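This briefing is for a reader new to the structure shown below. It covers annotated spans, a pocket and helix packing.

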Amino acid sequence: MANIDIFVWEFLGTAVLCLLGSGSVAAVVLKNSYSHGGGGDWLIIVLGWGFAVFTGASVAAPAGAHINPAVTLAVALSGGVPWSTVPVYWAAQILGAFVGASLAWAAFKLQFDNNDDNSGTRGIFCTTPSVRNFPWNIVTEVIATFVLIFWILINPEANTALGYAAVSFVIITIGFGLGGPTGYAINPARDLGPRIAYAVLPIRGKANADWGYAWVPVVAPLVGAALAAGLVAVLPV
């Protein structure tokens with residue numbers, strides 16, 4: 001597949017992922033939204049992101065449906081894509097995530113404008129640890145990403161049976177089981193692109209983008225992906 005085709009499909013798929021994922025958080029966090037204050041907030045967010053993965057991956061299927069730099073790294077380490085295409089995947093994913101999060105803001109523009117306090121809205125776009133401790137936050141993200149990537153690599157035929165819903169089930173399970181400590185970024189683009197969007201969008205009374213933490217959900221998922229690919233490489237076929 002040509003690089004331009006990879007870029008287009010990965011851009012569109014990641015944009016859809018972050019539009020629906022950020023939108024599910026916005027629906028819970030912002031007042032004047034039908035989901036706000038209805039209870040089951042974490043349930044809505046985890047399911048929203050899980051099925052956003054299904055939708056985004058389905059859109060990006062022609063390019064392999066990575067929609068995550070950690071997936072691209074693991075697939076490249078496993079010999080599934082040429083290393084020359086990795087920058088193309090990553091650029092498309094980060095830009096798509098930025099655009100998707102920006103579209104989520106546009107969809108909820110009136111809710112942002114009428115929200116009493118937007119200082120707590122950063123979580124709509126990117127992750128923040130519940131207890132800030134960089135070494136342990138890294139451990140959490142490495143473990144969560146390892147589970148995702150390991151499952152993807154050892155189940156190459158899963159999508160034949162269940163479509164991309166199979167990966168969504170794994171994402172949802174990771175959200176419930178490992179998402180509490182850090183918000184389970186497990187995807188550098190899903191965190192970095194929307195974080196940049198949050199930094200530049202005209203949201204009244206917003207907090208800062210927390211660039212001091214921003215490297216953790218970028219580096220840790222890549223480490224988890226590399227470890228998963230390394231383990232799969234030495235396992236008996």
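This is a predicted model. The end C-alpha atoms of residues 213–235 lie 34 Å apart, and this span is 91% helix and 0% strand. The largest pocket has a volume of about 740 Å³.

**Annotated spans**

- An unreviewed UniProt entry carries the annotation "transmembrane region" for residues 6–30, 42–67, 87–108, 134–154, 166–186 and 213–235.
- In the span of residues 6–30, the end C-alpha atoms are 35 Å apart.
- Residues 6–30 are 96% helix, with 0% strand.

**The largest pocket**

- The lining of the largest pocket consists of 41 residues.
- Val53, Asn68, Leu148, Ile171 and Ile186 are the lining residues that lie nearest the centre of the pocket.
- Two or more lining residues come from each of helix H1 (3–29), helix H2 (41–59), helix H3 (69–77), helix H6 (134–154), helix H7 (158–162) and helix H8 (165–178).
- H2 gives the largest share of the lining, with five residues.
- Sorted by class, the lining holds 26 nonpolar, 14 polar and one charged residues.

**Helix packing**

- Two packed helices are described by the angle between their axes and the distance between the axes.
- H6 and helix H11 (residues 216–234) have axes that come within 7 Å and cross at roughly 45°.
- H6 is therefore oblique to H11.
- H6 and H11 cross in a right-handed sense.
- Helix H4 (residues 86–107) packs against helix H9 (residues 188–200) at an angle of about 50°, and their axes are 7 Å apart.
- H4 is therefore oblique to H9.
- The crossing of H4 and H9 is right-handed.

Notes
Residues numbered from 1 in each chain as written. Predicted model: local features only at pLDDT ≥ 70, side-chain atom pairs only at ≥ 80, totals over all residues. Heavy atoms only, no water. UniProt positions renumbered as here; feature names shortened; annotations may be inferred. Helix = DSSP H or I, 4+ residues; strand = E, 2+ residues; numbered from the N terminus. 1 Å grid on protein atoms, 1.4 Å probe; cavity = no way out; pocket = protein on both sides within 12 Å on 5 of 7 lines; lining within 4 Å. Points joined across faces, edges and corners; volume = space filled by probe spheres on them. Nonpolar A, V, L, I, M, F, W, Y, C, P; charged D, E, K, R; others polar. Axes fitted to C-alpha atoms, helices over the stretch in contact; angles between N-to-C directions. Parallel < 35°, antiparallel > 145°, perpendicular 65-115°, else oblique. Left-handed = near helix turned anticlockwise from the far one by under 90°.
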